[in-house]
Amino acid sequence: MALTLPAARPARPHFACGPCAKHPGWQLQTLKDTPVGRSHRSKVAKARLKLAIDLTREVLQIPRNYRIGIIPGSDTGAVETALWSLLGARGVDVFAWESFSQGWVSDIVDHLKLGNTRAFVADYGELPDLSRANFDNDVVFAWNGTTSGVRVPNADWIAADRKGLTICDATSAAFAQRLDWDKLDATTLSWQKALGGEAAHGMLILSPRAVERLATYAPPWPLPKLFRLTEGGKLIEAIFVGQTINTPSLICVEDYVGALNWGKSLGGLDALIARADANSKRLEDWVARTHWVDFLASDPKIRSNTSLCLKITDPAIATLPITEQAIFAQALTGLLEAERVAFDIGSYRDAPPGIRIWCGATVETSDIEALTPWLDFAFAKTKGDFAKAA
Ligand SMILES: Cc1ncc(COP(=O)(O)O)c(C=O)c1O
């Protein structure tokens with residue numbers, strides 16, 4: 001039977017998990033007032049950097065006594081600044097359940113070589129047993145595992161009276177999931193994720209207890225200048241009002257400020273979360289009625305509302321060797337890219353083969369809606385092509 005192309009296409013085919021879709025209404029014109037060609041230490045540039053920090057605090061509802069700094073190297077830079085600056089004072093419990101958090105395990109165990117470390121690692125689609133965390137230790141985790149589509153359900157498992165610090169990579173959770181600041185001591189994100197900003201700049205959000213650690217503990221290893229948050233044993237306060245460690249891109253700053261203002265104009269955090277929830281619900285409804293696909297995360301309580309990771313369950317495909325499943329998924333996602341219906345929706349390179357669709361607030365629900373018939377079309381077409389080639 002000949003397959004017919006679905007009638008409607010998503011207005012914007014941008015469903016990548018980072019850099020994520022620009023916010024609706026974004027135009028290059030938004031950047032026209034950037035103070036280009038100016039020093040980032042000029043009054044005008046410092047004001048824009050400070051505004052980026054202030055708006056981040058406002059939209060994410062970060063307590064006034066938390067420090068927020070712009071850090072080089074995107075989310076990775078912010079996480080590694082935290083790991084290299086804070087760890088070593090206590091034992092470490094690190095929880096990982098997908099590729100990026102496994103990278104933090106490797107940083108801690110293989111590179112910082114911290115002996116007193118316990119790593120709790122779960123397979124794609126699962127959470128490790130969070131109840132095993134010992135909060136006398138520092139506890140490292142990613143709030144939302146972007147490459148498996150698994151998130152922590154909340155912060156109830158984190159002790160309010162902990163002695164150690166929590167270090168949380170929240171890059172694919174912030175602006176889409178509620179972060180419990182009382183339970184988070186060092187939190188990171190990148191502008192390229194949920195608000196559709198640009199890469200290369202990260203943010204590090206420090207609780208008063210994290211600041212106290214910085215002021216009372218000096219790690220025994222050398223710290224590159226890019227990671228240095230203290231000088232002479234004191235916090236460099238200037239970093240947390242926008243005087244960055246090295247030179248930022250003022251175009252990226254302006255773009256991020258625009259995205260934050262967009263988030264504010266919608267109604268702030270609640271509205272951003274509601275949009276991600278509506279998008280992910282739409283995709284979930286489709287998965288529920290579709291026979292060939294399912295979530296990597298079978299438990300809805302730990303399922304992400306931003307990075308939705310799907311596996312192909314149709315027996316004709318799921319029983320193929322893993323390399324052929326990967327070829328099938330690449331053919332399916334490649335077809336959608338060629339049709340300009342969906343860009344960059346293949347699963348992450350280290351994750352099980354499948355499909356990954358970003359459902360954060362900058363994506364329109366109508367585009368998720370328009371995408372699903374195309375997913376069915378691409379599956380049927382690719383399956384037919386594979387059968388013919390066999
Ligand atoms: C959970 C998580 N951590 C870290 C990163 C790395 O982010 P960046 O490339 O912004 O450093 C990503 C990127 O997707 C991520 O999803």
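At what angle do helix H2 (residues 74–86) and helix H3 (residues 99–111) pack? The angle is about 40°, and the axes lie 11 Å apart. The model is predicted, so local features need pLDDT of at least 70 and side-chain atom pairs count only at pLDDT 80 or more, while totals for chains, interfaces and linings use all residues. Residues are numbered from 1 along each chain as its sequence is written, and side-chain values use heavy atoms, leaving out hydrogens and water.

**H2 and H3**
- H2 passes H3 in a right-handed crossing (the near helix is turned clockwise from the far one by less than a right angle).
- Contact (heavy atoms within 4.5 Å) involves Asp-75, Thr-76, Val-79, Glu-80, Leu-83 and Trp-84 of H2 with Trp-104, Asp-107, Ile-108 and His-111 of H3.
- The residues of this contact comprise five nonpolar, two polar and three charged.

**H6 and H9**
- The crossing of H6 past H9 is right-handed.
- From H6, Ala-278, Asn-279, Arg-282, Leu-283 and Trp-286 meet residues of H9 including Thr-365, Ile-368 and Leu-375.

**Helix H1**
- The end C-alpha atoms of H1 (residues 43–60) are 26 Å apart, which agrees with the 26 Å that its 18 residues should span at 1.5 Å a residue (1.5 Å times one less than the number of residues).
- Just after H1, Gln-61 takes a positive phi of about 55°.

Terms used:
Helix = DSSP H or I, 4+ residues; strand = E, 2+ residues; numbered from the N terminus. Axes fitted to C-alpha atoms, helices over the stretch in contact; angles between N-to-C directions. Nonpolar A, V, L, I, M, F, W, Y, C, P; charged D, E, K, R; others polar.
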